[in-house]
Amino acid sequence: MNSGQKTAVSLLISVALFAGFVFSVYTSVFNQIETRFYEPELINRQRTKLSKVSDYANSYIQNLLDKTGSYAATDAAKSFLSQTPTEAEVTERVRLSGELFVELPALDGIRFLDKNARNLHYSSYSADILKQQGTTKVYKNYPDISQIPGESDYSLVAIEESDKIPEYKLTFNKVKGLLNLSVPVYDKFQIYRGNFVFYCKMTDLERKLIKEGFVSLGDSVSLFIGDDGLSAGLVTGLPNVGAGLFEVPVLESWKNKTEGPEKILQGENNQSWFSLSDYSGKYLSVSEIYSGDFFELPETARILILVCVFITLFLIVFLLFSFKIDDMVMIRSRIKKIQFAFIAEYLENKEAVDWNQVSRQIEGRREDLFRDVKKSLGRKGRKHENQVDALLNKSWDEILSAIGTRQNYENQIA
């Protein structure tokens with residue numbers, strides 16, 4: 001079988017084996033690849049991504065706490081407690097407040113709540129002003145403000161006086177999507193007097209996550225807040241339509257600290273939605289939503305695997321055929337060896353050769369030589385009888401031509 005025949009037969013057998021592979025083990029093989037290799041690698045990669053988002057959010061909120069805490073600790077900020085602040089104190093607190101709003105783009109507003117959780121010493125919201133006489137402002141009571149739709153209840157933003165007052169209190173406003181940072185304030189005698197509440201827009205964090213490349217530009221980042229306002233988290237990968245349907249199951253998974261992948265929603269047309277979550281952050285949970293086909297091999301990968309399988313099958317079959325030496329190659333090699341051995345028989349241990357005598361002897365052994373060669377080839381010789389005869393005749397002509405050339409050369413010398 002020549003190379004062309006080997007290639008054709010190998011291709012035919014490969015196509016048959018490939019068809020058997022596709023129809024019999026296609027589904028199971030890809031399921032195994034997805035379960036053992038693709039899905040674990042994909043999940044690990046996504047967990048790494050969520051961990052980075054969580055770390056960034058943690059650093060972001062810590063920066064808010066550091067800057068607002070530093071502001072609340074200044075004497076200028078504490079001067080809001082005084083009924084008659086000096087002009088220098090007023091000037092300084094205006095400057096510090098302005099700088100804080102510049103340094104923290106997320107900052108929406110500031111309130112200074114008395115420890116009784118009723119009176120306001122200061123508010124940056126003009127709507128909180130009850131009346132104003134010159135530079136003197138009288139603010140509404142916070143219980144009245146908290147009755148306004150969208151405002152946080154005093155229980156969320158107030159820090160109650162106790163034996164152990166926390167360094168800060170972090171809560172969330174679900175209606176407005178705000179982070180409430182409550183920081184305690186002490187007077188010069190270290191007596192607790194109330195707390196600042198810094199209202200921060202979480203959309204700024206969402207924007208920075210996209211800007212820093214933690215979330216792709218075309219993806220969405222949403223803030224989900226629990227009904228109690230005490231816990232919240234970031235969610236990416238939500239579909240453009242029906243994002244609100246994911247809030248309850250995602251909050252439930254955060255409550256149970258489920259890392260996933262967890263099926264959280266069954267959509268129309270049997271479309272499933274899964275979540276992966278990260279809880280390494282100190283302040284926020286982080287989750288990403290995936291459709292069911294996200295954990296399946298992409299169509300391009302399936303096609304590539306199928307192409308590789310077909311090529312591998314073809315090469316294996318072709319290699320198996322190549323183990324068997326081509327009959328004609330073996331026959332040519334055998335005849336060539338006999339040709340050399342035949343000539344060597346007349347030249348061995350002979351210093352002077354009578355080429356005329358050698359030529360006559362060789363002519364007389366032609367038929368015997370041909371018969372012995374065909375016999376040594378066995379079945380292959382009978383199978384390729386015509387080709388063997390042609391090769392033998394050609395070999396014989398070469399022997400005679402070589403002897404004749406040698407004979408003429410010696411005659412010319414003589």
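**Salt bridges, sheet and ring pairs in a predicted model**

Glutamate 92 and arginine 95 form a salt bridge, with their closest N and O atoms 2.5 Å apart; the term covers a side-chain nitrogen of Lys or Arg within 4 Å of a carboxyl oxygen of Asp or Glu. This is a predicted model, so local features need pLDDT of at least 70 and side-chain atom pairs count only at pLDDT 80 or more, while totals for chains, interfaces and linings use all residues. Residues are numbered from 1 along each chain as its sequence is written, and side-chain values use heavy atoms, with hydrogens and water left out.

Helices (H or I, at least four residues) and strands (E, at least two) are DSSP runs, numbered from the N terminus. Glutamate 92 counts as partly exposed at 30% relative accessibility, and arginine 95 does too, at 38%. Here buried means under 20% relative accessible area, exposed over 50%, and partly exposed in between (1.4 Å probe, protein chains only).

In total, the structure holds 13 salt bridges. One of them pairs lysine 49 with glutamate 288, the closest N and O atoms being 3.1 Å apart. That pair links distant parts of the chain, with lysine 49 in helix 1 (residues 3-72) and glutamate 288 in strand 12 (residues 285-291), 239 residues apart. Lysine 49 is partly exposed at 23%, whereas glutamate 288 is buried at 5%. Arginine 193 and aspartate 187 make another bridge, at 3.5 Å between the closest N and O atoms. Shared partners also join Arg111, Asp128, Glu151 and Lys176 into one salt-bridge network.

Five strands make up an open sheet in the order 2-1-7-6-5, with antiparallel pairing; two strands pair if DSSP finds at least two bridges between them. Strand 2 (120-123) and strand 5 (169-173) are the edge strands, each pairing on one side only. From one strand to the next the twist averages 20°. Strand 5 is joined to strand 6 (residues 178-186) by five bridges, and leucine 170 stands opposite leucine 181 in strand 6. Helix 3 (residues 87-103) lies across strand 1 (107-114) and strand 7 (192-201), running at about 135° to strand 1. Axes are lines fitted to C-alpha atoms, for helices over the stretch in contact (heavy atoms within 4.5 Å), and angles run from 0 to 180 degrees between N-to-C directions.

Over in strand 2 sits serine 123, which counts as buried at 4% relative accessibility. Its side chain reaches the backbone nitrogen of tyrosine 125 at 3.1 Å, and a polar contact of 2.5 Å joins the side chains of serine 123 and aspartate 128. A polar contact is a pair of N or O atoms within 3.5 Å; within protein, one must be able to donate a hydrogen and the other to accept it, and residues adjacent in sequence count only if both atoms are side-chain atoms. Leaving aside neighbours within four places in sequence, serine 123 touches Ile110, Arg111, Asp128 and Tyr139.

As for aromatics, the structure holds twelve pairs. The rings of phenylalanine 80 and phenylalanine 196 have centres 6.2 Å apart and planes at 75°, so this pair is edge-to-face. Rings of Phe, Tyr and Trp (its six-membered ring) pair if their centres lie within 6.5 Å; planes under 30 degrees apart count as stacked, over 60 as edge-to-face and the rest as tilted.
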